[in-house]
Amino acid sequence: MLNETLVLCCGDSVILSDPITGQGCNTASYCAEQFYETLIAHKESPWDEQVGIDYWSRSRTYVTAVTEWTNAMTGLLPEHIVQMLMQAATDQETADRVVLWFENPLKANIVNTGLRIF
Ligand SMILES: Cc1cc2nc3c(=O)[nH]c(=O)nc-3n(C[C@H](O)[C@H](O)[C@H](O)COP(=O)(O)OP(=O)(O)OC[C@H]3O[C@@H](n4cnc5c(N)ncnc54)[C@H](O)[C@@H]3O)c2cc1C
(Lines give C-alpha, C1' and ligand atoms only; values in the text may rest on other atoms or scores of the structure.)
Protein backbone atom coordinates (compact mmCIF):
# COMPACT_ATOMS: atom_id res chain seq x y z
CA MET A 1 0.00 0.00 0.00
CA LEU A 2 1.35 3.47 -0.90
CA ASN A 3 -0.46 6.38 0.78
CA GLU A 4 -3.37 3.96 1.32
CA THR A 5 -3.48 3.08 -2.37
CA LEU A 6 -2.77 -0.45 -3.54
CA VAL A 7 0.20 -0.67 -5.93
CA LEU A 8 0.63 -3.97 -7.76
CA CYS A 9 3.79 -4.97 -9.62
CA CYS A 10 4.77 -8.04 -11.58
CA GLY A 11 7.64 -9.55 -13.54
CA ASP A 12 11.15 -8.21 -13.06
CA SER A 13 9.92 -5.29 -10.98
CA VAL A 14 9.36 -7.71 -8.07
CA ILE A 15 10.74 -11.12 -9.05
CA LEU A 16 14.40 -11.28 -9.95
CA SER A 17 15.44 -14.45 -11.78
CA ASP A 18 18.92 -15.09 -12.99
CA PRO A 19 19.07 -15.93 -16.74
CA ILE A 20 20.83 -19.21 -15.83
CA THR A 21 17.44 -20.77 -15.15
CA GLY A 22 15.80 -18.98 -18.09
CA GLN A 23 12.70 -18.16 -16.10
CA GLY A 24 12.57 -14.39 -16.53
CA CYS A 25 10.12 -14.20 -19.44
CA ASN A 26 8.14 -17.23 -18.26
CA THR A 27 7.72 -15.72 -14.82
CA ALA A 28 6.82 -12.29 -16.19
CA SER A 29 4.20 -13.89 -18.47
CA TYR A 30 2.86 -16.03 -15.64
CA CYS A 31 2.56 -12.99 -13.35
CA ALA A 32 0.85 -10.97 -16.08
CA GLU A 33 -1.69 -13.76 -16.58
CA GLN A 34 -2.39 -14.00 -12.84
CA PHE A 35 -2.65 -10.21 -12.72
CA TYR A 36 -5.23 -10.31 -15.51
CA GLU A 37 -7.23 -13.06 -13.76
CA THR A 38 -7.16 -11.04 -10.51
CA LEU A 39 -8.39 -7.89 -12.25
CA ILE A 40 -11.22 -9.78 -13.92
CA ALA A 41 -12.24 -11.40 -10.61
CA HIS A 42 -12.26 -7.99 -8.89
CA LYS A 43 -13.66 -5.83 -11.68
CA GLU A 44 -16.72 -4.96 -9.59
CA SER A 45 -14.92 -4.60 -6.24
CA PRO A 46 -13.00 -1.68 -4.77
CA TRP A 47 -9.27 -1.32 -5.50
CA ASP A 48 -8.05 -2.21 -2.03
CA GLU A 49 -5.64 -4.45 -0.14
CA GLN A 50 -7.82 -7.51 -0.73
CA VAL A 51 -7.04 -7.31 -4.46
CA GLY A 52 -3.32 -7.48 -3.64
CA ILE A 53 -3.83 -10.39 -1.24
CA ASP A 54 -5.77 -12.28 -3.89
CA TYR A 55 -3.06 -11.61 -6.51
CA TRP A 56 -0.32 -12.84 -4.15
CA SER A 57 -2.34 -15.93 -3.20
CA ARG A 58 -2.67 -16.84 -6.88
CA SER A 59 0.99 -16.36 -7.77
CA ARG A 60 2.84 -17.13 -4.53
CA THR A 61 3.43 -20.89 -4.92
CA TYR A 62 4.84 -20.61 -8.43
CA VAL A 63 7.01 -17.51 -8.04
CA THR A 64 8.39 -18.75 -4.73
CA ALA A 65 9.45 -22.02 -6.39
CA VAL A 66 11.08 -20.08 -9.25
CA THR A 67 13.08 -17.76 -7.02
CA GLU A 68 14.14 -20.47 -4.56
CA TRP A 69 15.27 -22.69 -7.40
CA THR A 70 17.12 -19.80 -9.06
CA ASN A 71 18.89 -18.97 -5.81
CA ALA A 72 19.91 -22.62 -5.39
CA MET A 73 21.17 -22.93 -8.96
CA THR A 74 23.30 -19.81 -8.69
CA GLY A 75 24.94 -21.00 -5.50
CA LEU A 76 27.12 -24.00 -4.72
CA LEU A 77 25.18 -26.99 -6.03
CA PRO A 78 24.59 -29.99 -3.74
CA GLU A 79 26.59 -33.04 -4.75
CA HIS A 80 23.54 -35.10 -5.76
CA ILE A 81 22.46 -32.35 -8.18
CA VAL A 82 25.94 -32.19 -9.71
CA GLN A 83 25.83 -35.98 -10.15
CA MET A 84 22.41 -35.76 -11.74
CA LEU A 85 23.54 -33.11 -14.24
CA MET A 86 26.56 -35.26 -15.14
CA GLN A 87 24.34 -38.31 -15.58
CA ALA A 88 21.97 -36.31 -17.79
CA ALA A 89 24.75 -35.96 -20.35
CA THR A 90 24.52 -39.67 -21.13
CA ASP A 91 21.10 -40.74 -19.86
CA GLN A 92 18.04 -39.42 -21.74
CA GLU A 93 15.61 -40.24 -18.92
CA THR A 94 17.62 -38.13 -16.45
CA ALA A 95 17.99 -35.37 -19.06
CA ASP A 96 14.20 -35.31 -19.49
CA ARG A 97 13.75 -34.92 -15.74
CA VAL A 98 16.19 -32.02 -15.65
CA VAL A 99 14.37 -30.29 -18.51
CA LEU A 100 11.15 -30.52 -16.50
CA TRP A 101 12.70 -28.22 -13.87
CA PHE A 102 12.70 -25.50 -16.54
CA GLU A 103 9.25 -26.29 -17.86
CA ASN A 104 7.75 -26.42 -14.38
CA PRO A 105 9.84 -25.00 -11.51
CA LEU A 106 7.50 -26.68 -9.03
CA LYS A 107 9.25 -29.92 -10.04
CA ALA A 108 12.43 -28.62 -8.45
CA ASN A 109 11.78 -28.11 -4.77
CA ILE A 110 14.23 -26.60 -2.33
CA VAL A 111 14.55 -28.07 1.13
CA ASN A 112 16.89 -26.01 3.29
CA THR A 113 20.24 -27.22 2.05
CA GLY A 114 19.48 -27.87 -1.56
CA LEU A 115 17.21 -29.14 -4.28
CA ARG A 116 14.91 -32.06 -3.74
CA ILE A 117 13.92 -33.56 -7.04
CA PHE A 118 10.46 -34.97 -7.58
C1 LIG B 1 20.68 -10.10 -21.48
C2 LIG B 1 19.41 -10.73 -20.96
C3 LIG B 1 19.12 -12.05 -21.33
C4 LIG B 1 17.96 -12.65 -20.89
N5 LIG B 1 17.70 -13.96 -21.27
C6 LIG B 1 16.54 -14.54 -20.90
C7 LIG B 1 16.24 -15.86 -21.34
O8 LIG B 1 17.00 -16.51 -22.06
N9 LIG B 1 15.06 -16.41 -20.93
C10 LIG B 1 14.20 -15.72 -20.14
O11 LIG B 1 13.14 -16.25 -19.81
N12 LIG B 1 14.47 -14.45 -19.71
C13 LIG B 1 15.61 -13.85 -20.06
N14 LIG B 1 15.89 -12.57 -19.62
C15 LIG B 1 14.98 -11.92 -18.68
C16 LIG B 1 13.75 -11.35 -19.38
O17 LIG B 1 14.13 -10.53 -20.46
C18 LIG B 1 12.97 -10.52 -18.34
O19 LIG B 1 12.77 -11.32 -17.18
C20 LIG B 1 11.60 -10.10 -18.86
O21 LIG B 1 11.75 -9.31 -20.02
C22 LIG B 1 10.86 -9.29 -17.78
O23 LIG B 1 9.69 -8.76 -18.32
P24 LIG B 1 8.97 -7.56 -17.58
O25 LIG B 1 7.74 -7.26 -18.39
O26 LIG B 1 8.79 -7.87 -16.14
O27 LIG B 1 9.99 -6.34 -17.62
P28 LIG B 1 10.57 -5.57 -18.91
O29 LIG B 1 10.64 -6.47 -20.11
O30 LIG B 1 11.85 -4.94 -18.42
O31 LIG B 1 9.48 -4.47 -19.21
C32 LIG B 1 9.35 -3.31 -18.42
C33 LIG B 1 8.85 -2.20 -19.34
O34 LIG B 1 8.53 -1.04 -18.55
C35 LIG B 1 8.98 0.09 -19.25
N36 LIG B 1 9.13 1.17 -18.27
C37 LIG B 1 10.11 1.34 -17.35
N38 LIG B 1 9.91 2.43 -16.63
C39 LIG B 1 8.77 2.99 -17.08
C40 LIG B 1 8.02 4.15 -16.72
N41 LIG B 1 8.40 4.97 -15.72
N42 LIG B 1 6.90 4.40 -17.40
C43 LIG B 1 6.47 3.58 -18.39
N44 LIG B 1 7.13 2.47 -18.77
C45 LIG B 1 8.26 2.18 -18.12
C46 LIG B 1 10.27 -0.34 -19.91
O47 LIG B 1 10.58 0.52 -21.01
C48 LIG B 1 9.90 -1.75 -20.37
O49 LIG B 1 9.32 -1.78 -21.66
C50 LIG B 1 17.05 -11.94 -20.07
C51 LIG B 1 17.34 -10.62 -19.72
C52 LIG B 1 18.49 -10.02 -20.15
C53 LIG B 1 18.78 -8.57 -19.77
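At what angle do helix α1 (residues 24-41) and helix α2 (residues 49-73) pack, and how far apart are their axes? The model is predicted, with local features requiring pLDDT of at least 70, side-chain atom pairs counted only at pLDDT 80 or more, and totals for chains, interfaces and linings using all residues. Residues are numbered from 1 along each chain as its sequence is written, and side-chain values use heavy atoms, with hydrogens and water left out.

**Figure 1. Packing of α1 and α2.** The angle is about 160° and the axes are 9 Å apart (axes are lines fitted to C-alpha atoms, for helices over the stretch in contact; angles run from 0 to 180 degrees between N-to-C directions). α1 is therefore roughly antiparallel to α2 (an angle over 145 degrees). Their crossing is right-handed, that is, the near helix is turned clockwise from the far one by less than a right angle.

**Figure 2. Contact of α1 with α2.** Contact means heavy atoms within 4.5 Å. Among the residues involved are Tyr30, Phe35 and Glu37 of α1 and Asp54, Arg58 and Tyr62 of α2. The contact residues divide into nine nonpolar, five polar and three charged (Ala, Val, Leu, Ile, Met, Phe, Trp, Tyr, Cys and Pro count as nonpolar, Asp, Glu, Lys and Arg as charged, and the others, Gly among them, as polar).

Methods: Helices (H or I, at least four residues) and strands (E, at least two) are DSSP runs, numbered from the N terminus. Angles under 35 degrees count as roughly parallel, over 145 as roughly antiparallel, 65 to 115 as roughly perpendicular and the rest as oblique.
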